[in-house]
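Subject: Structure handover

Hello,

Here is the structure I said I would pass on. My notes on what was found in it follow below.

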Amino acid sequence: MLLIPCPYCGARAENEFGYGGEAHKVRPETPENLSDGQWADYVFMQKNTKGTYHERWVHSQGCRRWFNVIRDTLTNEIQAVYEMGETPPEVDTKTYL
Amino acid sequence: MVEVNYRQVPLAHLGLASKIEDSLGDAGVGMSDRGFRAILNLRVDLAKQAGARESFEKAMGFTLPETPNTANGKDGTEALWLGPNEWQVVVDDNAPDAGTRWLQTVRQGMRGHFCAVVDVSNAQAIIGMTGPMAREVLERAVPLDMHPGAFKPGEVKQTVFGRHCGVIMHLRDESPVFDLYVRRSFAEYVWSYTRDCARGAQTDTAVLAG
Ligand SMILES: [Zn+2]
């Protein structure tokens, strides 16, 4: 099980958390002007990087706050956590392919 | 406010009153039904609401704890940190109208600030735990580190209890004395699960007065 450092509560077991997918996706300004394909691309498609990935988690069984995590998706190393709305901190970008 | 005649503690059907022991005896864990308290949920962004800290202090006589996972209080009244802008205010007052009265007190005190105060008294059951094996038994039910160096008096932690149920754990003192707040429909589950954990830890459970 992963130990995830909630920015408020500190390191807690993974089963207290929920996963929210890729972080920093920008919602289109005018969704009514998008084609179905473009909308589907926004809603369903994620980068799904192998390596350093910015993603959202929620401490659903703890303080119930959303926050961002930078995680190496291959090794599960958590490189940083930061609050919603904050600028992502600089980390070594891990790539494997 | 719930009609007095219909008001029942969530564990009433277990008939705990007839099983209460005077002391722990040989048991490693003591469990109790804490009965009713006035419980309020308070949402306010102290960083953005100038003067909200002072208003709360004026109304209740103590400050809201701003350090995550801690509690603060005075004379049977306390606030448990639930999130960066969320607290559970608990008053040791079991009168049927306690929730409504304290709701008014906090609402009046916080008037003028952008905030939400809600009476959640009847949504939760409060289970007390004590005894030399309490930490070891609870460790079997939650994914937290229950070691005295990791969970200290005055701290409040929210986590998963058993298979899924959410719990708020407040460690009142180092003896240890815990208050567990759970949704009332999970009260019996938490009670029985803890007794099973005690069996697993090869210790007995005593029912103590609230
Ligand atoms: Zn948290």
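The area buried between chain A and chain B comes to about 1,100 Å², and carbon and sulfur atoms give 45% of that. On the chain A side, the residues that lose the most area to chain B are A:Arg12, A:Gln61 and A:Arg65, which together make up 47% of what that side buries. Please keep in mind that this is a predicted model.

Counted by residues, the interface brings 11 from chain A into contact with 17 from chain B. The rule finds 2 salt bridges across the interface of chain A and chain B. A:Arg65 takes part in a salt bridge, its side chain meeting that of B:Glu86 at 3.2 Å, N to O.

Chain A

Chain A is built from 1 helix and 6 strands. Read from the N terminus, the order of its elements is β-β-β-α-β-β-β. Along the principal axes, the C-alpha atoms of chain A fill a box of roughly 45 × 35 × 25 Å. Chain A has 97 residues, 36% of which count as buried. Taking the contacts in chain A between residues at least 6 apart in sequence, 45% join residues at least 24 apart.

The zinc site

Which protein atoms are the donors of the zinc ion? They are SG of A:Cys6, SG of A:Cys9, ND1 of A:His59 and SG of A:Cys63, at 2.0 to 2.5 Å from the zinc ion. The site is tetrahedral, with angles of 104 to 117° among the 4 donor atoms. For reference, the ideal angle for four tetrahedral donors is 109.5 degrees.

Along the chain, the donors of the zinc ion follow the spacing C-x2-C-x49-H-x3-C. A:Cys6 sits in strand 1 (residues 3–6) of chain A, while A:His59 sits in the loop between strand 4 (52–58) and strand 5 (66–72), so this pair ties together parts that are 53 residues apart in sequence. Buried means under 20% relative accessible area. A:Cys6 therefore counts as buried, at 3% relative accessibility. A:His59 counts as buried too, because its relative accessibility is 0%.

Two residues in chain B

B:Ser32 belongs to strand 1 (residues 29–33) of chain B. With a relative accessible area of 4%, B:Ser32 is buried. Its side chain makes a polar contact of 3.2 Å with the side chain of B:Arg34. Setting aside neighbours within four places in sequence, B:Ser32 is in contact with several residues, among them B:Ile126, B:Ile127, B:Gly128 and B:Trp191. Also in contact with B:Ser32 are B:Leu208, B:Ala209 and B:Gly210.

B:Thr203 is in the loop between helix 4 (187–200) and strand 11 (205–207) of chain B. Is B:Thr203 buried or exposed? At 12% relative accessibility, B:Thr203 counts as buried. A polar atom of the B:Thr203 side chain lies 3.0 Å from the backbone nitrogen of B:Gly28. Not counting residues up to four places away in sequence, B:Thr203 touches B:Ala27, B:Gly28, B:Val29, B:Met133, B:Val137 and B:Ala198.

Regards

Conventions:
Residues are numbered from 1 along each chain as its sequence is written. Chains are lettered from A and ligands numbered from 1 in the order in which they are written. This is a predicted model: local features need pLDDT of at least 70, side-chain atom pairs count only at pLDDT 80 or more; totals for chains, interfaces and linings use all residues. Side-chain values use heavy atoms; hydrogens and water are left out. Donors are N, O and S atoms within 2.8 Å of the metal (3.2 Å for Na, K and Ca); water is not among the atoms, so sites may look incomplete. Four donors count as tetrahedral if all angles lie between 85 and 135 degrees; four count as square planar and six as octahedral if opposite donors are over 155 degrees apart and all others between 65 and 115; anything else is irregular. Helices (H or I, at least four residues) and strands (E, at least two) are DSSP runs, numbered from the N terminus. Buried means under 20% relative accessible area, exposed over 50%, partly exposed in between (1.4 Å probe, protein chains only). Contact means heavy atoms within 4.5 Å. Buried area is the accessible area (1.4 Å probe) that two parts lose on being put together, summed over both. A salt bridge is a side-chain nitrogen of Lys or Arg within 4 Å of a carboxyl oxygen of Asp or Glu. A polar contact is a pair of N or O atoms within 3.5 Å; within protein, one must be able to donate a hydrogen and the other to accept it, and residues adjacent in sequence count only if both atoms are side-chain atoms.
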